[in-house]
Structure formats: structure tokens, C-alpha cells
Amino acid sequence: MKATYDYLIVGAGLFGAVFAHEATRRGKRCLVVDKRPHAGGNIYCREMDGIQVHYYGAHIFHTDNRRVWDYVNRFVTFNRFTNSPLANFEGRLYNLPFNMNTFYQLWGTRTPEEARARIEQERAPYAGIAEPRNLEEQALKLGGRDIYERLIKGYTEKQWGRAATELPAFIIRRLPFRFTFDNNYFNDRYQGIPEGGYNALIDALLSECEVRLGTDYFAHRAELDALSDAVLFTGCIDEYFEYCFGRLEYRSLRFDHRVLETDNFQGNAVVNYTERSIPYTRIIEHKHFAFGTQPTTVVTYEYPDDFAPGKEPYYPVNDERNSRIYDRYRTLADNCVDVLFGGRLAQYTYADMDDTVEAALRLSEEVLR
Ligand SMILES: Cc1cc2nc3c(=O)[nH]c(=O)nc-3n(C[C@H](O)[C@H](O)[C@H](O)COP(=O)(O)OP(=O)(O)OC[C@H]3O[C@@H](n4cnc5c(N)ncnc54)[C@H](O)[C@@H]3O)c2cc1C
């Protein structure tokens with residue numbers, strides 16, 4: 001007997017939504033399920049006081065990929081937001097990424113020549129470190145003590161929940177120094193935030209699909225599988241295989257969203273707090289993503305958190321142990337018939353939104369020919 005749907009798509013995040021759109025457009029019957037009460041996965045926005053709040057962390061769309069940029073612009077219009085975060089260390093503000101403004105704030109250097117000379121001077125004591133043994137040694141070798149202690153150490157230790165001397169050096173491969181007065185965080189050609197927030201993009205992608213929210217695939221697995229010929233799974237790969245090789249590790253985050261009775265709290269969308277003693281890593285003021293003029297504002301304090309079952313898995317810990325476990329799950333996945341795996345959780349990877357869209361488009365081209 002023919003199943004009701006050609007594809008059951010588990011997860012209404014960006015990956016699932018792009019695939020569902022592409023499959024539906026090619027005449028496939030799709031059912032999309034998500035365990036959360038809303039679609040969009042981690043790019044979901046919740047409206048609070050008329051402001052689109054990036055509910056699972058600040059999301060800035062940026063890409064060099066022309067195909068992806070043209071694709072998303074078919075569904076929504078992007079504003080001209082440019083990410084120019086600030087760092088707050090002991091009450092002083094520094095521009096990011098490291099550029100001529102930052103060097104001026106750190107040392108008063110005014111020209112690229114002065115800044116280059118100062119960085120060389122800062123690095124000199126660590127030139128003898130041939131093979132950095134940990135993140136601290138790596139950062140000192142690349143940028144010297146001043147930049148490390150004010151802008152890198154505390155922030156990174158909070159993010160990973162470990163001392164910089166216990167973190168692997170490869171986390172920082174290089175420090176992107178820019179010798180111009182340019183605070184644009186990204187080098188990509190295209191950047192912005194969808195007008196009306198990310199839900200507008202997801203709603204447009206899913207407009208022709210059947211979507212069931214608040215539906216955990218694992219609570220209804222047999223029944224849902226029976227409804228469709230094939231499955232695209234975008235949840236956690238270890239959960240799909242019932243943790244048979246053990247659990248993959250993640251870092252989690254905790255978000256404290258607050259409505260404030262002021263029209264402008266910090267004058268910028270993103271301010272990082274780089275001191276170890278301040279427990280949050282950044283404060284996001286959401287209205288600045290959309291140049292909002294509302295009388296109130298919404299800010300989010302972002303706290304790094306240890307992962308445990310029941311908490312949201314945000315950042316994969318791609319160390320040797322987890323990579324080995326993932327490879328074993330991947331082999332099982334490759335041998336599954338009529339089940340596709342895609343998205344950040346099934347591939348146990350961090351992927352920006354543009355890479356997520358590109359990967360979903362590629363998969364749909366491959367399997368929906
Ligand atoms: C804090 C943070 C900030 C980020 N900022 C940026 C940024 O500024 N720019 C950028 O380009 N990218 C950013 N990203 C990356 C971006 O979030 C991802 O590219 C994108 O969300 C990946 O989409 P996805 O569909 O793969 O995963 P997700 O968005 O996680 O979607 C997966 C969906 O599957 C659902 N699901 C899981 N298990 C089940 C189940 N058993 N049953 C039913 N449903 C299930 C989940 O509820 C979820 O909705 C950021 C990521 C994080 C963590």
C-alpha cells in the first residue's frame with residue numbers, strides 16, 4: 001500500500017524547512033514534525049513588546065555564497081544590519097573584530113605601522129613557543145599578553161567551562177587582525193537580518209507543507225515511520241540510534257530574556273563580556289538588529305552552560321573522543337535504507353545558516369532528481 005507521505009521530515013529547523021520546500025515544490029508529499037511548539041529550530045524569533053527576539057541566541061545571516069543569498073532573498077527581504085560587536089572588559093569598551101579601533105583603544109596606536117610594531121612587541125616574549133601546548137600558549141604566541149588577558153582569556157574560559165591552559169591550542173588557529181578602522185565582524189559579501197525576523201523565512205519555506213508541532217518523533221516513531229516512504233532526520237544522531245555507542249557531548253547555553261523600560265540599553269546589538277568573573281558571555285539587545293524605535297527594549301543575557309540530558313545541545317564538542325563516536329554513528333546512518341540525515345544535530349557539527357541552506361539544497365538535488 002502506498003504511504004500517505006513521500007517524506008517524513010523530523011525537525012522544522014532551517015535544514016528541514018529548506019528540504020521540505022524543495023521536496024514539496026517537486027511534487028513530493030511531506031509531513032514535517034517538530035518536538036518544539038514552534039517551527040524554525042534555533043533561528044526562531046519570539047515577538048516581545050513588538051521586538052523580534054532571537055530566542056535561541058543572536059543570529060546574523062552572512063554569506064559569500066551567491067546562490068544561497070539569492071535563494072533566501074526569494075522568500076524574505078534582508079535589512080542592512082552589519083554586525084559590529086563590542087567587548088566590555090572591566091568597564092572599558094573595545095571594538096571587535098581586532099582592528100585599528102581596537103588597537104587604538106588598547107594602546108593608543110594611530111597608524112597601521114604603529115599597531116604592527118606594537119603587536120610584534122607584545123608577541124616577542126612568546127616567540128620561543130614552537131608548538132603551543134594549550135590555548136593560552138597559542139593565544140600568547142599569536143597576540144601577546146594584553147590582547148589575551150583583556151579580550152580572549154575570560155570569554156573563552158566561560159564558553160568552554162575550562163581553564164585556557166586545559167583547552168586545546170587548535171581552538172584558536174589564528175587571530176584575525178585587521179589594519180583598517182573597520183568594525184564589520186564578517187568579511188562576507190552579503191549580510192543582514194530578515195525583515196520581520198527569521199520566522200518570516202521559515203513560514204515562507206513551509207507555507208505549502210503539512211507541519212505538526214509539539215510532536216516528538218521518538219514518542220510516535222513506529223506510527224510516523226509507517227506514514228511515509230522515506231525519512232529525513234535532523235535531530236541528534238546518537239538519539240536516533242538509541243545511544244548505542246554512547247552519548248555525544250555538547251556545550252549548552254542558558255538565555256535570560258528581559259524586557260526593560262528604556263528605549264536603548266546598550267546602543268549596540270551585541271556586547272561581549274570578556275571578564276571571567278562576570279558569568280554571562282554577552283548581552284544582546286534585539287531591537288538593534290532591526291533599527292527598532294519601540295519605547296521599550298528587550299535584552300538577553302547569554303550564559304554558557306554544561307550540557308546534560310534535557311538541556312538544549314548547542315555546540316558540539318568535536319574532540320577526538322566525540323569524533324570517534326560520531327564516525328561510528330555515521331557508518332550506521334550511511335547503511336540506513338530510506339533514511340536521510342542532515343542538519344547540525346544529525347551531522348554533529350557547527351554550521352552557519354548559509355552552509356545549512358547550501359547543504360539542504362545539495363541533498364535535495366541529490367535525492368529528489
Ligand atoms: C547560539 C548560536 C548562535 C548562532 N548564530 C549564528 C549566526 O549568527 N549566523 C549563522 O549563520 N548561524 C548561526 N548559528 C547556526 C544556526 O543556528 C544553524 O545554522 C541552524 O540553526 C541549523 O539548522 P538545523 O535545522 O540544522 O538545526 P536546528 O535549528 O537545531 O533544527 C533542528 C530541529 O529538530 C527538532 N528536533 C530534534 N529532535 C527532534 C525529535 N526527536 N522530534 C521532533 N523534532 C526534533 C528540534 O526541535 C529543532 O527544531 C548559531 C548557532 C547557535 C547555537
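Start with the open sheet of five strands, whose order is E9-E2-E1-E10-E16 and whose pairing is parallel. Strands here are DSSP runs (E, at least two residues), helices are runs of H or I with at least four, and both are numbered from the N terminus; two strands pair if DSSP finds at least two bridges between them. At the edges you will find strand E9 (210–212) and strand E16 (339–341), each pairing on one side only. Neighbouring strands of this sheet are turned by 20° against each other on average, direction ignored. Axes are lines fitted to C-alpha atoms (for helices, over the stretch in contact), and angles run from 0 to 180 degrees between N-to-C directions.

Before moving on, a word on the model. It is predicted, so to speak of local features requires pLDDT of at least 70 and side-chain atom pairs count only at pLDDT 80 or more, while totals for chains, interfaces and linings use all residues. Residues are numbered from 1 along each chain as its sequence is written, and side-chain values use heavy atoms, with hydrogens and water left out.

Now select residues 228–233, strand E10: three bridges join E10 to E16, and the two run parallel. Zoom in on Val231, and you will see its bridge partner in E16, Val339.

Next, pick helix H1. H1 lies across strand E1 (5–10), strand E2 (30–33), E10 and E16, running at about 170° to E1. Show side chains for Leu14, Ala17, Val18 and His21 of H1 and for Leu201, Ile202, Ala204 and Leu205 of H6, which make the contact (heavy atoms within 4.5 Å). Seven of these contact residues are nonpolar, one is polar and none is charged. In this count, Ala, Val, Leu, Ile, Met, Phe, Trp, Tyr, Cys and Pro are nonpolar, Asp, Glu, Lys and Arg are charged, and the others, Gly among them, are polar.

Then turn to the other sheet. Seven strands form this open sheet, in the order E7-E6-E12-E13-E14-E11-E15, with mixed pairing. Its edge strands are E7 (92–95) and E15 (315–316). Select E6 (residues 86–89) and E12 (residues 270–273): they run parallel and are joined by three bridges. Here Asn88 stands opposite Tyr273 in E12.Finish by colouring domain 1 (5–43 + 64–83 + 191–249 + 317–367) and domain 2 (97–171), with bounds from an automatic or database domain assignment. Their centres, taken over C-alpha atoms, are 37 Å apart.
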